[in-house]
Amino acid sequence: MPRPRKPASPFRYFNSSPEVIRLVVMMYVRFPLSLRNVEDLLFERGIDLSYETVRFWWTRFGPLFAADIRRQRVSRMKGFKHWQWHLDEMYVKIGGEMHYLWRAVDQEGEVLESYVTKTRDKKAALAFIRKALKRHGSVETITTDGLRSYGAAMDELGNRHKQEIGRWANNRVENSHLPFRRRERAMLRFRQMKSLQMFASVHASFHNHFAADRHLTDRQTYKTNRSAALAEWQSLMA
């Protein structure tokens, strides 16, 4: 019986070590740094890279790392039946034109889905909710703001009874926009709808992975969780 083939390493054609590539991608996506900020910080640590190399590496490996993180989390959480989702859309300008970034967040503040559209009508809301349900499974309640597109989409899906609307009930997802807004300012906005969709998805996975809830735990627990997240990060795509 032939042995199963081991998947080819995604780093096989690169001279730099996987550890350096992981560090570069993590620094750029996780923190509000520009490409040149990352280049300068690496140079201080004895790593001489061009900012264009930073750009190439995050576009090449960022989606791969994010997909690996997402795959592990989805497999762990798909059987969880008591999810409470919070849905909201935020304005993002691309070339002076308004677009909408739809985001789904659970009761723990983890970003489940990000979806970019040019409109925020029923069709866009329906595509967004279907995508989230297909990837993550069933949900107990869905909290939204007063946008009527959500209600129309949920009527078509047959889950209007799960919708909750409240004045401050959606603060969970409103607060989750802040890390992405800080990152958007550091990048001086986006130029293409495709790049916004890719970065929003990658950033969400990285944020979920490294979010340790330091304000909810003691120092020792936080350090343990942080070490576990870094150890798991270093094993991605190994």
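A crossing of two helices is called left-handed if the near helix is turned anticlockwise from the far one by less than a right angle, and right-handed if clockwise. By that convention, helix α4 passes helix α5 in a right-handed crossing. Helices (H or I, at least four residues) and strands (E, at least two) are taken here as DSSP runs, numbered from the N terminus.

The structure is a predicted model, in which local features need pLDDT of at least 70 and side-chain atom pairs count only at pLDDT 80 or more, whereas totals for chains, interfaces and linings use all residues. Residues are numbered from 1 along each chain as its sequence is written, and side-chain values use heavy atoms, with hydrogens and water left out.

## Two helix pairs

Helix α4 covers residues 122-136 and helix α5 residues 148-157, and the two pack at an angle of about 55 degrees with their axes 8 Å apart. The axes are lines fitted to C-alpha atoms, for helices over the stretch in contact, and the angles run from 0 to 180 degrees between N-to-C directions. Angles under 35 degrees count as roughly parallel, over 145 as roughly antiparallel, 65 to 115 as roughly perpendicular and the rest as oblique; α4 and α5 are therefore oblique to each other.

On the α4 side, the residues that meet α5 are Lys 122, Ala 125, Leu 126, Ile 129, Arg 130 and Leu 133, while α5 contributes Ser 149, Tyr 150, Ala 152, Ala 153, Met 154, Glu 156 and Leu 157. Contact means heavy atoms within 4.5 Å. The residues of this contact of α4 with α5 divide into 9 nonpolar, 1 polar and 3 charged, where Ala, Val, Leu, Ile, Met, Phe, Trp, Tyr, Cys and Pro count as nonpolar, Asp, Glu, Lys and Arg as charged, and the others, Gly among them, as polar.

Asn 159 is found in the loop between α5 and β5 (163-165). Is Asn 159 buried or exposed? At 8% relative accessibility, Asn 159 counts as buried, since buried means under 20% relative accessible area, exposed over 50%, and partly exposed in between (1.4 Å probe, protein chains only).

Helix α6 (residues 171-186) and helix α7 (residues 193-210) pack at an angle of about 125 degrees, and their axes are 11 Å apart. That angle makes α6 oblique to α7, and the crossing of α6 and α7 is right-handed. The contact involves Pro 179, Phe 180 and Arg 183 of α6, together with Leu 196, Phe 199, Ala 200, His 203 and His 207 of α7. By class, the residues of the contact of α6 with α7 divide into 5 nonpolar, 2 polar and 1 charged.

## Salt bridges

Side chains of opposite charge can pair when their charged atoms come close. A salt bridge is defined here as a side-chain nitrogen of Lys or Arg within 4 Å of a carboxyl oxygen of Asp or Glu, and the structure holds 10 salt bridges. Three of them are listed below.

| Salt bridge | N to O distance |
|---|---|
| Arg 55 and Glu 52 | 3.0 Å |
| Arg 160 and Asp 155 | 2.8 Å |
| Glu 184 and Arg 181 | 2.8 Å |

Arg 55 and Glu 52 lie 3 residues apart in helix α3 (residues 51-77), which means that about one helical turn separates them. Arg 55 is partly exposed at 37% relative accessibility, and Glu 52 is partly exposed as well, with a relative accessible area of 38%.

Glu 184 and Arg 181 are 3 residues apart in helix α6 and are separated by about one helical turn. Here Glu 184 counts as buried at 4% relative accessibility, whereas Arg 181 counts as partly exposed at 24%. Elsewhere, salt bridges that share partners join Glu 113, Lys 131 and Arg 135 into one network.

## Pairs separated in sequence

Glu 232 is placed in helix α8 (residues 219-234) and is partly exposed, with a relative accessible area of 29%. Glu 232 and Arg 71 are 161 residues apart in sequence and 13 Å apart in space, C-alpha to C-alpha.

Glu 19 belongs to helix α1 (residues 18-30) and is exposed, with a relative accessible area of 54%. Glu 19 and Ser 235 are 216 residues apart along the chain, and their C-alpha atoms are separated by 9.6 Å.
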